[in-house]
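I opened this notebook to keep track of what I looked up, one topic at a time. Each entry begins with what I wanted to know.

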Amino acid sequence: MKNKLENYGKEREDLIKQIEFCQYYKEKIRETLVDLRRQYESGLLDHYTYKGKVNYFLKNRTAEEWYAMYDDNIAKCHR
């Protein structure tokens with residue numbers, strides 16, 4: 001019985017860490033895109049460089065694709 005409780009406790013901790021990881025990276029994406037957009041709007045980046053940095057950062061996916069992936073992972077953790 002004690003092992004089962006320990007396993008549940010460990011699983012719970014792992015799920016909490018995974019949720020925190022997903023939330024952290026969702027926020028990191030948002031912050032980075034806002035920062036790149038500010039640099040572009042202030043003239044520090046031209047359009048080509050801005051698009052290149054965004055694509056590189058997002059690994060040629062959209063922010064929405066990343067958010068959906070992280071949201072799916074969070075939902076799985078809540079099951």
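Is glutamate 27 buried, partly exposed or exposed? I found that glutamate 27 is partly exposed, because its relative accessible area is 31%, where buried means under 20%, exposed means over 50%, and partly exposed lies in between, with a 1.4 Å probe and protein chains only.

Before going on I noted that this is a predicted model, in which local features need pLDDT of at least 70 and side-chain atom pairs count only at pLDDT 80 or more, while totals for chains, interfaces and linings use all residues. Residues are numbered from 1 along each chain as its sequence is written, and side-chain values use heavy atoms, with hydrogens and water left out.

**Entry on salt bridges.** I searched the whole structure and found 4 salt bridges, each being a side-chain nitrogen of Lys or Arg within 4 Å of a carboxyl oxygen of Asp or Glu. One of them joins arginine 30 to glutamate 27, at 2.7 Å from N to O, and these two residues are separated by about one helical turn because they are 3 residues apart in helix α1. I took helices as DSSP runs (H or I, at least four residues), numbered from the N terminus. Arginine 30 is partly exposed, at 40%.

I then looked at arginine 37, whose side chain meets that of glutamate 41 in a salt bridge of 3.0 Å, N to O; they are 4 residues apart in helix α1, so about one helical turn separates them. Glutamate 41 counts as exposed because its relative accessible area is 58%, whereas arginine 37, at 36%, is partly exposed.

Lysine 26 and aspartate 71 form another salt bridge, with their closest N and O atoms 2.5 Å apart. This pair links distant parts of the chain, since lysine 26 is in helix α1 and aspartate 71 is in helix α3, 45 residues apart.

**Entry on the core.** Which residues make up the largest nonpolar core? I listed 12 residues in all, among them Cys22, Leu33, Leu36, Val54, Trp66 and Ile74; such a core is a set of buried Ala, Val, Leu, Ile, Met, Phe, Trp, Tyr and Cys residues joined through side-chain atoms within 4.5 Å. The elements giving two or more residues to this core are α1, α2 (47-58) and α3 (63-78). Leaving out residues up to four places away in sequence, I saw that valine 54 touches Leu33 and Leu36, where contact means heavy atoms within 4.5 Å.
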